[in-house]
Amino acid sequence: QRRVHGELIHQLHREWKSQNLPQLRFRSGLHTGEVLVGNVGSSKRLNYTVLGDVVNSASRLESLNKQLGTDCIISGSVKCCINDYYGDLRFTKPLITRYIGKIKLVGKKSYMDVHELICEQTHPNAHMYESSAMRYGAALDLAIRGKFDEALHYLSECSTKPEEELYKRIMEAKNTGADVEVVVQTSK
């Protein structure tokens with residue numbers, strides 16, 4: 001059975017913890033687009049690398065994981081690619097994702113939709129994860145429509161870092177009028 005990398009990392013954590021080994025933290029940011037891939041440099045010093053704006057955006061998404069307490073952030077364009085790939089299958093949503101909001105990356109003029117990649121529908125706990133993602137989405141939707149108290153009620157039982165981060169965004173929007181859908185990236 002295939003699993004999203006986050007579940008595999010959690011499995012490794014359990015095994016390593018039982019053996020008193022150090023824990024591994026793995027985060028990723030996924031974006032799609034055109035890149036330049038290959039050997040760059042001279043005949044004396046070649047470096048196989050990947051270059052392009054997409055690489056920089058993926059790197060920024062990866063760093064957003066720490067702030068949000070997530071393991072894998074994907075851009076809206078990656079989510080569209082996933083949906084297009086699986087569109088002909090009977091599964092309407094092969095992967096469970098959570099819409100986090102919009103982010104304006106450093107040096108960019110427009111906002112990018114960002115989602116947390118949680119797990120596959122075939123995961124044993126998929127129902128629980130999907131329920132949590134739906135509660136988060138409902139709270140965000142209510143907050144976007146200005147119903148802050150109702151949104152906060154949805155988050156009253158939440159305990160994950162992404163939900164805590166959304167709670168802070170809602171409180172800021174309620175108190176200052178800030179756009180609750182916009183995630184402010186605190187580091188590069």
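Let us start with a residue at the surface: aspartate 149 is exposed, with a relative accessible area of 52%. This value, like everything that follows, is computed from a predicted model. The side chain of aspartate 149 meets that of lysine 174 in a salt bridge, with N and O 2.6 Å apart. Aspartate 149 sits in helix H5 (residues 148-154) and lysine 174 in helix H6, so this pair links distant parts of the chain, 25 residues apart. Lysine 174 itself is partly exposed, at a relative accessible area of 38%.

Following the sequence, they come in the pattern α-β-β-β-α-β-α-β-β-α-α-α-β. Of the 188 residues, 38% count as buried. The accessible surface comes to about 11800 Å², and 52% of it belongs to carbon and sulfur atoms. Contacts across the sequence are worth a glance too: among those between residues at least 6 apart, 58% join residues at least 24 apart.

Next, find the open sheet, where 5 strands are arranged in the order S1-S4-S6-S5-S7 with mixed pairing. Strands S1 (28-30) and S7 (182-183) stand at the edges; each has a single partner strand, so one side of each is left without a neighbour in the sheet. The partner of S1 is strand S4 (residues 72-75), which runs parallel to S1 and is joined to it by 3 bridges. If you look along this pair, you will see serine 28 opposite cysteine 72 in S4.

Two helices lie across this sheet. Helix H2 (residues 53-68) lies across S1, S4, S5 (95-103), S6 (112-120) and S7, and runs at about 135 degrees to S1. Helix H6 (residues 161-176) lies across S5, S6 and S7, at about 30 degrees to S5.

Lysine 108 lies in the loop between S5 and S6 and aspartate 53 in helix H2, so the pair ties together parts that are 55 residues apart in sequence. Both ends are partly exposed: lysine 108 has 26% relative accessibility, and aspartate 53 has a relative accessible area of 46%.

A further salt bridge brings together the side chains of arginine 98 and glutamate 163, at 3.6 Å from N to O. Since arginine 98 belongs to strand S5 and glutamate 163 to helix H6, the pair ties together parts that are 65 residues apart in sequence. Arginine 98 and glutamate 163 are both buried. They also belong to a network of salt bridges that links Arg98, Glu116, Arg135 and Glu163. Glutamate 116 is found in strand S6 and is buried, with a relative accessible area of 11%. Beyond its neighbours within four places in sequence, the contacts of glutamate 116 include Cys72, Arg98 and Pro162.

Finally, turn to strands S2 and S3. They form a hairpin with 4 residues between them, and they pair in the antiparallel sense over 6 bridges. Here glycine 38 has threonine 49 in S3 as its bridge partner. Nonpolar residues also come together on the surface: Val35, Val37, Tyr48 and Val50 form a patch with about 360 Å² of accessible area together. Valine 35 is placed in the loop between S1 and S2 and is partly exposed, with a relative accessible area of 37%.

Conventions:
Residues numbered from 1 in each chain as written. Predicted model: local features only at pLDDT ≥ 70, side-chain atom pairs only at ≥ 80, totals over all residues. Heavy atoms only, no water. Pairing = 2+ DSSP bridges. Contact = heavy atoms within 4.5 Å. Axes fitted to C-alpha atoms, helices over the stretch in contact; angles between N-to-C directions. Buried < 20%, exposed > 50% of the residue type's maximum accessible area, 1.4 Å probe, protein only. Areas by Shrake-Rupley, 256 points an atom, 1.4 Å probe, with all protein chains shown as cover. Patch = residues over 30% accessible without salt bridge, like charges linked within 9 Å, V, L, I, M, F, W, Y side chains within 5 Å. Salt bridge = Lys/Arg side-chain N within 4 Å of Asp/Glu carboxyl O.
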